[in-house]
Each structure stands twice: as C-alpha cells, then as structure tokens.
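Thanks for coming. I will take this one structure in a few steps, starting with the rings.

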Amino acid sequence: MVVSPRLTNAQLALLEMFSFEMSEAEVLAMRQTLMQHFRTRLEEEAQKVIQVKGLTTAQLEEQMTFENRTQRLDQIRAAQ
C-alpha cells in the first residue's frame, strides 16, 4: 500500500482558494505570479547571506561554478 504524503498548509490553502475551474491562461498567470514571489524571496535571502558572509558578486559566482552538482553538494555539506 502506498501512503500519500500529507498536504502542507500552503497546499491546502491553495486548494481552497482555487477550487474552481480556471482557463489555461489563468493557471499560467497564477504560476508565473507564484514563481515571481518565490524568486523575490530567494533573491532577498541571497542578499542577506552575501551581506552576512561579506561576499562579493565575483566570489559568489566563483562558488556557483562547478562541474559536478553532487560533488559540489558534498563539499558544501562538509564545510558546514
């Protein structure tokens, strides 16, 4: 038997808010709005980290350049 994961509070709120049919254009607009919201949050958080750690844009870009994602994640985890 497969057990479905519980829905988060955000997922439940979205289900309640959008419990009606929407056109594909409306769904696309909603997705774009949500993506922009989370992009803004991510950018704000990144700026906080840059300021706290005293990084320059060049240093940040250097850290983001890597060949192997798994290997880079291992390096990040080891540094923590």
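How many aromatic pairs does the count come to? One, by the rule that rings of Phe, Tyr and Trp (its six-membered ring) pair if their centres lie within 6.5 Å. F18 and F20 form that pair, with 6.2 Å centre to centre and 45 degrees between the planes. That makes the pair tilted, since planes under 30 degrees apart count as stacked, over 60 as edge-to-face and the rest as tilted. F18 is partly exposed at 28% relative accessible area, and F20 is partly exposed at 48%. For the cut-offs, buried is under 20%, exposed is over 50%, and partly exposed is in between, with a 1.4 Å probe and protein chains only.

A word on the source. This is a predicted model, where local features need pLDDT of at least 70, side-chain atom pairs count only at pLDDT 80 or more, and totals for chains, interfaces and linings use all residues. Residues are numbered from 1 along each chain as its sequence is written, and side-chain values use heavy atoms, with hydrogens and water left out.

On confidence, pLDDT is the predictor's confidence in each residue, from 0 to 100. The protein averages 86, and 94% of the residues score at least 70. Helices here are DSSP runs (H or I, at least four residues), numbered from the N terminus.

Next, charges. The count comes to one salt bridge, meaning a side-chain nitrogen of Lys or Arg within 4 Å of a carboxyl oxygen of Asp or Glu. The partners are E43 and R39, at 3.0 Å, N to O. Both lie in helix α2, residues 24-53, four residues apart, about one turn of the helix. E43 is partly exposed, with a relative accessible area of 40%.

Last, the largest pocket. A pocket, on a 1 Å grid over the protein atoms alone, is an open set of points where a 1.4 Å probe fits, with protein on both sides within 12 Å along at least five of seven lines; lining residues have an atom within 4 Å of a point. The largest one holds about 580 Å³ of space, the volume being the space filled by probe spheres set on the points, which are joined across faces, edges and corners. Of its 19 lining residues, the closest to the centre are L60, Q63, M64, R72 and I76. Helix α2 gives the most to the lining, seven residues, while α2, α3 and α4 each supply at least two.
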